Amino acid sequence: MTDWKKIAGLITDIMRANIAKLSGNPIHYLGPALWGIASFNILRVVTDVTKKDEFWSGGIRIHSVGLLISVVFCYVITVLWRRRLARIFAAKPTVKPNVAVEYIVAVVQIMGILNPTVFVSERLGWIYMGDGYIDYILVNAIYVPLFLLYYMFLRNERSDRNMADNRIYVEQIKADKLNTELQLLKSQYHPHFLFNALNTVYFQIDESNTLAKKSVEQLSELLRYQIYTVDEKVSMEQELAYLKSYIAFQQQRLTARLTVRTDIDEDWTDISIFPLLFQPLIENAFKYVRGQYEIAICLKRRPTNICFSISNSLSGAAAVEAAIPRAEVAESGAGLTNLKKRLALCYPQRHTLNTHADTTHFFAELILDL
């Protein structure tokens, strides 16, 4: 009997821990109890009234214990189903749940928990099954459809909550988009002034200083691309031309011992993307490159996605100290923060951005689903 007390105590602890995680809505607390009570009384109606027996025949103690077992069973099955539904609805929107499989699993869980519980309870003398296997058939015939209906209610509740969360997420995305557009308008305020200023600087540079003139020309073209193409898709050929110019411009301002290796596919026919999604990662690499001063850039076209990866070397002593937090430090800038927001706007649920660091290198990878 001591073992059963431990088991009962364990079940109680599990129920308390999981019920505490449920919403503050009272129905979340009382719903399983009410369903367990209703299911038990429906069973009693079928088994007692149809046999012309007294409704509470067998004594109040036997029925009270049966009622308690029914309520506990309902709480346990509720916890299991809520967890499972949370996992199902946490999947990507493109992954459609198999409803038929869900209900088959629910039937297996009902019968797999209910029948051993009834069998053990009868052997311990907690409940009375007068007609043997016939009563087991009746218990399953009543509880399985009732709890499938209960599963349907839980599933609809979770679906409604998921739809509400999605609506909130969409509204947040819209708000972020409006904020991004506002920031864009601010950044575009009098852009011609900037180009006129660059033009003035260009003509003030001595004719013999061709390197400085070339740098001003490159900067002007880079800014023009950033300002006028940020909100519309461009061909990959345009984006690659920009990235190559950007890399060349960055190389001019750094030490001559910097090594930049690129591995970029050539065929990008019929591929268009939102621009300036790779540039913040490249900028980050040039900003943090140390040590061996090596940057490796890879851009590959795959059947279903575009994979961009980049790594930069770190300084020896500093890298050992900063190996773990380096990713956090690199992600703390406004560039990567804005990149994440743009990805959420332009490629919701269709992108993957990963960063990590070891003692010698920082790595970043961006995958865009086509």
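The questions and answers below concern a predicted model.

Colleague: How many helices and strands does the protein have?
Modeller: The model is predicted, so its elements are read from computed atoms. The protein has 370 residues, of which 36% are buried. Its secondary structure comprises 12 helices and seven strands.

Colleague: What part of the accessible surface of the protein belongs to carbon and sulfur atoms?
Modeller: The accessible surface of the protein comes to about 21500 Å². The part that belongs to carbon and sulfur atoms is 61%.

Colleague: In what order do the strands of the open sheet stand?
Modeller: The sheet has five strands with mixed pairing. Its edges are held by β2 (259–264) and β6 (351–357), each of which has a single partner strand, so one side of each is left without a neighbour in the sheet. Neighbouring strands are turned by 5° against each other on average, direction ignored. The order is β2-β4-β5-β7-β6.

Colleague: How many bridges join β5 to β7?
Modeller: Strands of a sheet pair through backbone hydrogen bonds, either parallel or antiparallel. The pairing of β5 and β7 is antiparallel, and one of its bridges sets Ile-306 against Leu-368 of β7. The number of bridges between β5 and β7 is nine.

Colleague: Which residue of β5 is the bridge partner of Lys-300?
Modeller: β4 and β5 run antiparallel and are joined by seven bridges. A hairpin of three residues leads from β4 to β5. The partner of Lys-300 in β5 is Cys-307.

Colleague: Which residue of β7 is the bridge partner of His-351?
Modeller: β6 and β7 are paired over seven bridges in the antiparallel sense. Within β7, His-351 has as its bridge partner Leu-368.

Colleague: Is α9 largely enclosed or largely open, and how many of its residues are buried?
Modeller: α9 packs on the sheet, where it touches β2, β4, β5, β6 and β7, and its direction makes about 10° with that of β5. Its buried residues include Pro-280, Leu-281, Ile-282 and Phe-286. α9 is therefore largely enclosed by the rest of the structure, the buried count among its 10 residues being eight.

Colleague: How many of the nine residues of β5 are buried?
Modeller: β5 is largely enclosed by the rest of the structure, because most of its nine residues are buried. The number of buried residues is eight.

Colleague: Which element gives the most residues to the largest nonpolar core?
Modeller: The largest nonpolar core has 41 residues, and those with the most contacts inside it are Phe-278, Ile-295 and Ile-310. Elements that each supply at least two residues include α7 (210–228), β4 (294–301), β5 (305–313), α12 (334–346) and β7 (361–369). The element that gives the most, with seven residues, is α8.

Colleague: Which residues are in contact with Phe-278, leaving aside its neighbours within four places in sequence?
Modeller: Phe-278 is among the residues with the most contacts inside the largest core. Leaving aside its neighbours within four places in sequence, Phe-278 is in contact with Glu-239, Leu-243, Ile-273, Leu-299, Ile-306, Phe-308, Leu-366 and Leu-368.

Colleague: How many disulfides does a search of the whole structure find?
Modeller: A disulfide requires a pair of cysteine sulfur atoms within 2.5 Å. Cys-74 counts as buried because its relative accessibility is 0%, and Cys-346 counts as buried at 15%. The number of disulfides found in the whole structure is zero.

Colleague: Is Leu-276 buried or exposed?
Modeller: Leu-276 has a positive phi of about 65° although it is not a glycine. Its place is in the loop between β3 (272–273) and α9. The relative accessible area of Leu-276 is 10%, under the 20% limit, and Leu-276 is therefore buried.

Colleague: What is the relative accessible area of Gln-349?
Modeller: Gln-349 lies in the loop between α12 and β6. Its phi is near 60°, a positive value in a residue other than glycine. Gln-349 is partly exposed, with a relative accessible area of 44%.

Conventions
Residues numbered from 1 in each chain as written. Predicted model: local features only at pLDDT ≥ 70, side-chain atom pairs only at ≥ 80, totals over all residues. Heavy atoms only, no water. Buried < 20%, exposed > 50% of the residue type's maximum accessible area, 1.4 Å probe, protein only. Core = buried A, V, L, I, M, F, W, Y, C linked by side-chain atoms within 4.5 Å. Helix = DSSP H or I, 4+ residues; strand = E, 2+ residues; numbered from the N terminus. Contact = heavy atoms within 4.5 Å. Pairing = 2+ DSSP bridges. Axes fitted to C-alpha atoms, helices over the stretch in contact; angles between N-to-C directions. Areas by Shrake-Rupley, 256 points an atom, 1.4 Å probe, with all protein chains shown as cover.
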